[in-house]
Amino acid sequence: MKKWEDIVKDKLEAYESPLPEGSLEAFLARGKKVSAAPAPKRVLLPWLLIPAVAAGLAAWFIFRPGPSKAPAPQDISPRNAVALVTDSIPPAIPVQAPPPIPGTVKPKAVRPAAAVQTREDGHVNDSGEETTVPEIPEIQGPDNPEEAVAVIPDIPESSPFVPRAIVRKPHVIKVGPAAGIVAGSGLLAALAASSVKSSTSAHNAVGPFDSPNGSIDFPFLPGDALTGYSHRFPVRGGVSLEIPVSERLSITSGLDYSFYSSTFTYAQAGTKEQAVHYLDVPLRLDWTIASNRWLRVYAGSGAAASFCVGATWAGNPKDRDGVHFSLTGAGGIQFNLSRHVGLYVEPALSWTVPSGRQVLQTWRSDHPLMFSLAGGLRIRLRNP
Amino acid sequence: MYKELNEQELAGYCCEKDPKAEEELYKRYAARVYTLCRRYMSNDDDAADLMQDTLLQALGKMQTYTYRGEGSLGAWINRIAVNKAVSLIKQRKRRTLLLEQWGRETSVEPSPEEVEKIPEEKLLAWISGLPDVRRAVFNMYCLDGYSHREIADELGISEKGSASMLTRARKQLKREIVRYLKEKQP
């Protein structure tokens with residue numbers, strides 16, 4: 001008896017899915033691109049060169065001069081190194097300088113300066129006999145002797161006294177784009193925070209001082225006493241952009257709107273409402289914990305800058321309190337509406353960096369370390 | 001004229017880079033290949049990309065195709081698609097969330113007649129909703145005839161792991177089928 005998966009197999013084998021619109025045109029266009037790419041031309045000459053070079057090497061090995069006496073271990077200085085090399089040249093082989101070709105550029109100096117001196121001084125071998133160094137043919141040097149470059153010829157590797165050059169491989173530190181962006185953003189944020197901290201702003205805001213020791217000045221009305229206050233839980237939402245860096249890593253930024261509402265109660269004036277509006281620009285590195293077609297669970301950390309864009313006190317406009325910087329850690333769930341768009345719900349923990357200046361009294365000033373819940377639309381810019 | 005060509009002749013014309021033959025190849029096999037790709041991929045966009053890449057690769061390597069009878073060209077193209085899909089899944093290696101209900105395991109086996117009535121689009125949606133590796137194992141074992149050993153070699157998992165993934169995939173699909181049939185009952 002057939003199993004249910006056999007039925008599934010039979011059904012899907014025979015099934016022809018409706019093709020996406022424009023797929024044939026896209027296929028033909030891609031096919032043209034592939035076939036338009038010029039095929040690599042095969043040239044016969046390189047293939048003929050291989051056997052020619054092999055034959056040349058074979059002829060050289062067969063007909064090359066016999067091995068010369070190995071140089072005795074000696075103090076290897078550049079001058080003696082030249083002497084060693086010149087000693088190995090058998091005097092029977094005539095060496096003629098190539099005739100200068102008229103109109104050609106004279107090559108840079110190849111003649112080692114030490115060789116000249118050695119030739120003049122002569123050389124005494126181990127047996128004590130004075131030998132003359134065979135003449136080195138003149139090589140056309142540059143017109144300007146100062147341009148001559150002293151060249152030390154290759155030192156034979158067989159000598160045990162020749163120290164090998166110490167080769168240190170350069171350390172290559174690869175910084176991926178994600179690390180670069182995060183580090184650069186962190187640096188920018190630190191610079192901005194330090195610049196904001198040092199600036200003095202004239203605010204008329206009746207709010208607390210955001211000082212590291214935690215002292216807060218309450219808003220007051222002349223001739224009245226503040227009897228109580230309460231802050232409502234801030235509301236945040238916005239549009240988020242996700243830039244995938246790799247399969248699981250992505251950089252999240254965007255624009256959020258935060259609303260901070262507070263009520264202050266006075267003995268005589270009654271209750272006064274304060275409403276403060278912020279635009280937040282977060283920058284975060286997120287890690288996808290798990291995902292499927294419809295859902296994505298992630299966590300990340302980063303920083304955010306909150307710009308106060310509006311404040312009202314009892315319905316009247318009030319001075320804004322500038323920029324706040326915070327460090328954030330967030331986790332969230334994203335519901336994928338399509339490949340590039342999703343809705344997210346994101347609880348986050350943030351710590352507002354003390355700015356040392358006067359700020360409005362809000363939920364944030366009372367709770368520098370605060371929990372918030374954000375939601376909104378997320379746009380994924382591209383696939384990893 | 002190209003519609004009457006058999007597979008061997010069509011492959012020959014494709015080797016000569018005949019545009020009409022390439023178009024005919026697409027028209028004959030794209031839909032089936034797309035279905036196969038939708039089985040292996042988690043979304044239709046990835047499946048469409050995979051289908052295009054498969055057919056382009058088939059055209060590029062047509063000179064390596066050997067005619068082995070009617071249907072061999074389709075099977076050869078399907079094999080390319082499966083290989084590309086598996087390598088994509090291996091590359092991604094994403095752990096995916098399981099959208100499964102935590103409840104009592106259903107012991108009801110759907111009957112072949114009941115499964116026959118399920119639309120193909122539903123089946124494709126359920127299969128593509130499986131986690132990546134589970135989906136690949138189910139497709140390769142149940143639908144494409146691979147053995148657990150071959151699946152283990154391709155995906156870089158153990159044979160036991162392949163068998164375990166297959167069991168879970170079957171359970172998940174069975175649950176979807178039973179739930180669908182219950183909802184459809186009058």
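Because the model is predicted, local features are reported only at pLDDT of at least 70 and side-chain atom pairs only at pLDDT 80 or more, whereas totals for chains, interfaces and linings use all residues. Residues are numbered from 1 along each chain as its sequence is written, chains are lettered from A in the order in which they are written, and side-chain values use heavy atoms, with hydrogens and water left out.

Chain A contains seven helices and eleven strands, where helices (H or I, at least four residues) and strands (E, at least two) are DSSP runs numbered from the N terminus. Of the 384 residues in chain A, 28% are buried; here buried means under 20% relative accessible area, exposed means over 50%, and partly exposed lies in between, with a 1.4 Å probe and protein chains only. Among the contacts in chain A with a separation of 6 or more, 65% are between residues 24 or more positions apart, a contact being heavy atoms within 4.5 Å. Chain B, for its part, has nine helices and zero strands, so that its elements, read from the N terminus on, are α-α-α-α-α-α-α-α-α under the DSSP assignment. Buried residues account for 49% of the 186 residues in chain B, and 66% of the contacts in chain B between residues at least 6 apart in sequence join residues at least 24 apart.

Within chain A, a set of paired strands can be followed from β6(A) onwards, two strands being counted as paired if DSSP finds at least two bridges between them. β6(A) and β7(A) run antiparallel and are joined by 17 bridges, and these two strands form a hairpin with three residues between them. On its other pairing, β7(A) runs antiparallel to β9(A), residues 323-336, with 13 bridges joining the two.

A:T352 lies in β10(A), residues 341-352, and it counts as buried because its relative accessibility is 6%. Leaving out residues up to four places away in sequence, A:T352 touches A:H324, A:F325, A:S326, A:R364 and A:P368.

The contact between the chains draws 38 residues from chain A and 50 residues from chain B. The size of an interface is often given as the accessible area lost when the parts come together. Chain A and chain B bury about 4,100 Å² between them, 61% of it on carbon and sulfur atoms, where buried area is the accessible area (1.4 Å probe) that two parts lose on being put together, summed over both. In chain A, the residues that lose the most area to chain B are A:W4, A:K11 and A:F27, which together make up 20% of what that side buries.

Four salt bridges are counted between chain A and chain B, each being a side-chain nitrogen of Lys or Arg within 4 Å of a carboxyl oxygen of Asp or Glu. One of them links A:E5 to B:R170, with the closest N and O atoms 2.7 Å apart. On the side of chain A that touches chain B, α1 (4-14), α2 (23-36), β6 (270-291) and β7 (295-313) each supply at least two residues, and α1(A) gives the most, with nine residues. The residues of this side divide into 19 nonpolar, six polar and 13 charged, with Ala, Val, Leu, Ile, Met, Phe, Trp, Tyr, Cys and Pro counted as nonpolar, Asp, Glu, Lys and Arg as charged, and the others, Gly among them, as polar.

B:D49, in helix α3 (residues 44-60) of chain B, is partly exposed because its relative accessible area is 37%; apart from neighbours within four places in sequence, B:D49 is in contact with A:R30 and A:R339. B:E116, in helix α5 (residues 112-116) of chain B, is likewise partly exposed, with a relative accessible area of 44%, and, with residues up to four places away in sequence not counted, B:E116 touches A:I7 and A:K11.
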